[in-house]
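User: I'd like to learn how to read a few structural features by eye and by number. Could you walk me through them, one at a time?

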Amino acid sequence: TDLDRIRNFSIVAHIDHGKSTLADRLIQMTGTVAERDMKEQLLDAMDIERERGITIKANSVRIEYPAKDGKTYILNLIDTPGHVDFAYEVSRSMQAVEGSLLVVDASQGVEAQTLANVYQAIDADHEIVPVLNKIDLPAAEPQRVKEQIEDVIGIDASDAVEISAKTGLGIPDVLEAIVHRLPAPKGDRDAPLKAMLVDSWYDPYLGVVVLIRVMDGVIKKGDQIKMMKTGATYKLDRLAVLKPQMVNIDELGPGEIGVFTASIKQVRDTKVGDTITHEKKPCAQALPGFKPSIPVVFCGLFPVDANDFEALRDAIEKLQLNDASFSAEMETSAALGFGFRCGFLGLLHLEVVRDRLEREYDLDLITTAPSVVFKLHMKDGEVRDLHNPADMPDLTLIDHIEEPRIKATILVPDEYLGDVLKLCQDRRGIQMDLTYAGSRAMVVYDLPLAEVVFDFYDRLKSVTKGYASFDYQITEYREDNLVKMSILVNDEPVDALSIMVHRDRAEARGRAMCEKLKDLIPRHMFKIPIQAAIGGRVIARETLSAMRKDVTAKCYGGDATRKKKLLEKQKAGKKKMRQFGKVEIPQSAFIAALKMD
Ligand code: GTP
């Protein structure tokens, strides 16, 4: 295809501003999919994505559009994941296209992820077309939002396209804007093949499917190709474009986007951002900026019922077929038995994986407290990564400890600003910036990631009644006064409850956790001490008093069926409990004990 008949673009937006609805509309209006095949949110393949309304895997569609100038254009849309946890995938997808539609909900205005995503587009030198969506809503204020885009983002919004992705209003204008306002791709057909590996996923029928963008040269079915970073070579069995279902094609030239299969076994053999070339006639230089995404948040996953361990192992292996960024290693916990230490790109990623394990594989899981990776600088000069507070070595061997810090951007209506500042301050935040974007405040904080991974999102949402938006990026590792705090229940340490905390906050956290646990652990026939300790020193203590009477004693009159029912109910309840020495701790306690409020 002629380069000037191709337009490659992505859509950037804050969650819920209508990215998927607009994509569906573009596909539908160009007849790419027959009306009867049109399912809502076509591009969000997985059920869970549909349900939670988030896009996890980048996906793509090729649209043929007969423009008003009488020429037919090929429009390639690459769908980018909207969430910060997938920032690296977003930045790769951006490198694969020349322009972006910046979708902003005209009734909401610019939000934290609008900013994060549009900055990625600007970094990738995109031409940007602002699109104001949801103008059918009575609360829409397109004029105000245009000004906000100009003030906050600094791009011209006077030609913003006003649309309703829901009713279809304005969609033809979006198509014309893509053709006339976004640049055509560049590339040299005669140069050696250079293509970017944009994404890959596992298809149960086809195996690993790889999404690529050709920069230079031509790729054909049957070619022998090489992945430049991993060094692996493959023979292409199939080359196709996504419409969005796969349609086979003989070749892809410069500027084009498509997929191939090549008997690749696992998704982890394909590294997003890698450069694909011909084995025989390789290109001289790989594409710049290759950086594999690495897990930053870790937690333990254990089956509630120890007999489910094998089932959990199988489920994790299956999920990993499709998600190379999620890591898992077997772990044994004195308290929880056999399980896995899993690594995630961020909190949302953790939640998505845990949900899928529980729902798709019908597993009951205990999730231990999410923890970040601490860097232990040992006295002998070695630097160790600590993924699990339970593995903390003897303190006398450690010189100092570093933790990851983030730059967090929060947009919030004025009236909640005070609460947001307090929350950030409570989480050891350092304020970097405070400006106004229309009637909303934009605050930038330097925060320890460890203070954010647990319940920061929840707290932020609750103190702002859902009106704040939040985005972050990891900036650096920095030294701080960090210690490991252990929890002892009935004098036994419960490893799954140990956490890394700042020394100055340890006592308050310890006290709060002991108080919570006192409420969360049911009474037993004996007295149970609950303690928090640093090293050998107890810093907080509560005592759960003994149960006075037999539970069945209140079933007066020896009503046998009633008594039996009560005992059965207790037995069922037990399934969700774990035994620690002589004490039973309910599954829910592991997360609840850590919530700060
Ligand atoms: P993520 O995939 O979570 O990033 O969300 P998204 O940006 O793709 O948003 P999505 O397309 O799922 O739309 C979010 C909600 O807004 C849905 O309930 C849509 O039905 C609704 N919506 C989208 N466009 C419009 C519009 O033009 N008008 C109105 N009234 N509602 C819209």
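This is a predicted model: local features need pLDDT of at least 70, side-chain atom pairs count only at pLDDT 80 or more; totals for chains, interfaces and linings use all residues.

User: Which residue does Lys422 pair with in a salt bridge?

Analyst: The general idea goes like this: side chains of opposite charge can pair when their charged atoms come close. Here, the side chain of Lys422 meets that of Asp426, with 3.0 Å from N to O. Both sit in helix 9 (residues 417-426), four residues apart, which is about one turn of the helix. Asp426 is partly exposed, at 38% relative accessible area.

User: How many salt bridges does the structure hold, and which residues are joined into one network?

Analyst: There are 23 salt bridges in the structure. As for the network, shared partners link Glu403, Arg405, Arg428, Asp446, Glu451, Glu476, Arg478 and Asp480 through salt bridges.

User: What separates Glu310 and Arg313 along helix 7?

Analyst: About one helical turn, because they are three residues apart in helix 7 (residues 309-322).

User: Now a pair from separate elements. Are Arg213 and Glu98 buried or exposed?

Analyst: Both are buried; the cut-off to remember is under 20% relative accessible area. Their side chains meet in a salt bridge of 2.8 Å, N to O. Arg213 belongs to strand 8 (residues 207-216), while Glu98 is in the loop between helix 3 (87-95) and strand 4 (99-105), so this pair ties together parts 115 residues apart in sequence.

User: How do I check the span of a helix, say helix 12?

Analyst: Compare the C-alpha distance between its ends with what 1.5 Å a residue would give. Helix 12 (residues 503-520) has 18 residues and reaches 25 Å from first C-alpha to last, close to the expected 26 Å. Its buried residues are Ala506, Arg509, Gly510, Met513, Cys514 and Leu517. Lys516 is in helix 12 as well, but partly exposed at 23%. From Lys516 to Glu542 you go 26 residues in sequence and 9.7 Å in space, C-alpha to C-alpha.

User: Last topic: backbone angles. Which residues are joined by a cis peptide bond?

Analyst: As background, most residues other than glycine have a negative phi, and most peptide bonds are trans. In this model, Lys243 and Pro244 are joined by a cis bond, with omega about -10 degrees. Pro244 is placed in the loop between strand 12 (238-242) and strand 13 (246-248).

User: And where is Asp125, with its positive phi?

Analyst: Asp125 is in the loop between helix 4 (112-123) and strand 5 (127-133), and its phi is near 60 degrees. At 68% relative accessibility, Asp125 counts as exposed. Asp491 also isn't a glycine, yet has a positive phi of about 70 degrees. Its loop runs between strand 28 (482-489) and strand 29 (492-493), and Asp491 counts as exposed at 51%.

Methods: Residues are numbered from 1 along each chain as its sequence is written. Side-chain values use heavy atoms; hydrogens and water are left out. Helices (H or I, at least four residues) and strands (E, at least two) are DSSP runs, numbered from the N terminus. The expected span of a helix is 1.5 Å times one less than its number of residues. Buried means under 20% relative accessible area, exposed over 50%, partly exposed in between (1.4 Å probe, protein chains only). A salt bridge is a side-chain nitrogen of Lys or Arg within 4 Å of a carboxyl oxygen of Asp or Glu.
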